Amino acid sequence: MLNAVNLQKTFNAGTVNEKVALNGATLCLEEGEFCTVIGGNGAGKSTFLNALAGVWPVDGGSISLDGIDVTGLPEYKRAKYLGRVFQDPMTGTAANMQIDENLALAKRRGGHRGLGWGVTKAEREEFHELLKILDLGLEDRMTSKVGLLSGGQRQALTLLMATLQKPKLLLLDEHTAALDPKTAAKVLETTEKIIQEQNLTTMMVTHNMRDAIVHGNRLIMMNEGKVILNICGEEKKKLTIEDLLHKFEEVSGTEFTSDKEILSR
């Protein structure tokens, strides 16, 4: 499903601010795999997701989705294959539009919209049932402006919008990091449910080692712009945080020093 091979990306090449962000990052995921991504600050996690999304072109390597080579496609052309939820709950929705209008935009993504506008009766009925999945009561508030929702409600709505047209790849970039622990747990629970029900191929960047271990069926750790650990199957099921730290030190030759991730255990 996803084949990202030997991705290279350097920012400000040839200057004093040169930064190698990706240095041979490689990852292959089968359809329906849910991969969590961890690593210290500057390891290349978000750069990896941005490269897959086409936010900027890579300097080298190749990216294919479901057999389609998207390496040279700009972000707007690649968007029809992808769903994405960002860290900031304010991103991904139109605050001044209603809940049902936001869902209508997501439903029509990649299609011909024409000059007409409006949410049809059939769409409202569909969205009412979809919103029940979130268990947040939003199905009874479909005409509310999205800007009036809490961060957790907006993030859950964004997740629903990102998966409305079953993407070939779902990218979750620390999508619970800005939420309080209780709300984050709820959004993660909803995330897991939607991914399993739709059999979505997913990558989730997280700073929480426990979440990285508990969720998904594959875990990768990045360091210095490449994947240094790739754990799946029974090995992942038996994995502990201590095991993960030990494996990192064994493979990288250095101690894991990301305070943010260690404190989030």
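Predicted model: local features only at pLDDT ≥ 70, side-chain atom pairs only at ≥ 80, totals over all residues.
Residues are numbered from 1 along each chain as its sequence is written, and side-chain values use heavy atoms, with hydrogens and water left out.

**Entry: Asp100.** I placed Asp100 in helix 3 (residues 99-107); helices (H or I, at least four residues) and strands (E, at least two) are DSSP runs, numbered from the N terminus. Asp100 counts as buried because its relative accessibility is 1%; buried means under 20% relative accessible area, exposed over 50%, and partly exposed in between (1.4 Å probe, protein chains only). Leaving aside neighbours within four places in sequence, I found Asp100 in contact (heavy atoms within 4.5 Å) with Val119, Arg124, Phe127, Met142 and Thr143.

**Entry: strand 8.** I then examined strand 8 (residues 202-205), from which Thr202 and Met204 point one way and Met203 and Val205 the other, all of them buried. In a regular strand the side chains alternate between the two faces of the sheet. Two strands pair if DSSP finds at least two bridges between them. Strand 3 (residues 34-38) runs parallel to strand 8 and is joined to it by four bridges, with Cys35 opposite Met203. Strand 7 (residues 169-173) is likewise parallel to strand 8, through four bridges, and Leu170 stands opposite Thr202.

**Entry: cysteines.** I searched the whole structure for disulfides (cysteine sulfur atoms within 2.5 Å) and found zero. For Cys35, the nearest cysteine sulfur is that of Cys232, 9.5 Å away. Cys35 counts as buried at 0% relative accessibility, whereas Cys232 counts as partly exposed at 31%.

Entry: I traced an open sheet of four strands in the order 2-1-4-5, with antiparallel pairing. Strand 2 (19-29) and strand 5 (68-69) stand at the edges, each with a single partner strand, so one side of each is left without a neighbour in the sheet. Strand 1 (residues 2-11) pairs with strand 2 over eight bridges in the antiparallel sense, and Gln8 stands opposite Asn23 in strand 2.
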